Amino acid sequence: MTTELFTKGFDSQNEDYCKVVELEGRTLVIMADGMGGLSLGAEAAECVCEGIAEYVSKNFEADNLWQDAFKYADDKLRELSIANHSNMGAAVTALIITETSCKVAWQGNVRLYLYRNCQLHQLTTDHVMNIGYWQKMLTRCLKGGGLRDDIPVISIPLQTDDILFLCTDGFYNTHEQDLSSGNASAPKEGIMNDDATCLTLKIN
């Protein structure tokens, strides 16, 4: 598998965070997007990714892996929020990739796409709701306040030449059309209106 990361902040600080960890015969990939409107988005995204990575690295054979890993990261975020006297949160998607499969869990709207046989498939569903005036609100995320017991988890068989795109909304909102041609070209600065991150994973 080969990887390529594009990430660029829209403002002075990029509040997206991506982490890749090589485990025993598998690869852990996590991407988080700090929530706009809350405090310390970059720190929240990093805390969530590092928390999930820490838990999964030590417990990747656990039966209830994703629920427990997300809860662990949520607890870490609560501790950080209290220490900083801040309200913090992040959307996150995490996946474990083997030679033949990918298992993914998520909360929020960091999307995972599969490009196969010249067709693009969105594998995750966004946890968002329209609140009017062309605005959306996350209905699920990590905010240090506890999680529901039904974190979605799906497993996808992989084939040689598959391409996975893991990206934040700042990327796919302006460049989903590029993904549909199997290309994660860098967004043009003139049309960016948010932090944009896309990790391309090509299955060899």
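Okay, quick definition before anything else: by a pocket I mean an open set of grid points where a 1.4 Å probe fits, with protein on both sides within 12 Å along at least five of seven lines. And keep in mind that this is a predicted model.

So, the largest pocket. There's about 810 Å³ of space in there. It has 29 lining residues, and the ones closest to the centre are Gly36, Asn109, Lys136, Asp169 and Asp194. What does the lining look like by class? Ten nonpolar, nine polar and ten charged residues. As for where they come from, strands β3 (27–34) and β9 (135–138) each give at least two residues to that lining, and so does helix α3, which runs 169–179.

Next, the second largest pocket. Here we're at about 210 Å³. Its lining has 14 residues, with Phe60, Leu65, Trp66, Ile96 and Lys103 closest to the centre. Which elements supply at least two residues each? That would be α2 (65–84), β5 (101–107) and β10 (153–157). Helix α2 has the largest share, at three residues. By class you get six nonpolar, five polar and three charged.

Okay, on to the rings. How many aromatic pairs does the structure hold? Four, and I'll walk you through two of them.

Pair one is phenylalanine 6 with phenylalanine 171. The ring centres sit 6.1 Å apart with 55 degrees between the planes, so by a cut-off of over 60 for edge-to-face, this one counts as tilted. What I like here is that the pair links distant parts of the chain: phenylalanine 6 is in strand β1 (residues 2–8), phenylalanine 171 is in helix α3, and they're 165 residues apart. Both phenylalanine 6 and phenylalanine 171 are buried.

Why are the two about one helical turn apart? Because they're four residues apart in helix α2. Again, tryptophan 66 and phenylalanine 70 are both buried.

One last thing, if you want to click on it while we talk: arginine 111 lies over the face of tyrosine 172, 3.9 Å from the ring centre.

That's what I had, happy to take questions.

Technical notes: Residues numbered from 1 in each chain as written. Predicted model: local features only at pLDDT ≥ 70, side-chain atom pairs only at ≥ 80, totals over all residues. Heavy atoms only, no water. 1 Å grid on protein atoms, 1.4 Å probe; cavity = no way out; pocket = protein on both sides within 12 Å on 5 of 7 lines; lining within 4 Å. Points joined across faces, edges and corners; volume = space filled by probe spheres on them. Nonpolar A, V, L, I, M, F, W, Y, C, P; charged D, E, K, R; others polar. Phe/Tyr/Trp six-rings, centres within 6.5 Å; stacked < 30°, edge-to-face > 60°. Buried < 20%, exposed > 50% of the residue type's maximum accessible area, 1.4 Å probe, protein only. Lys NZ or Arg CZ within 6 Å of the ring centre and 35° of its normal.
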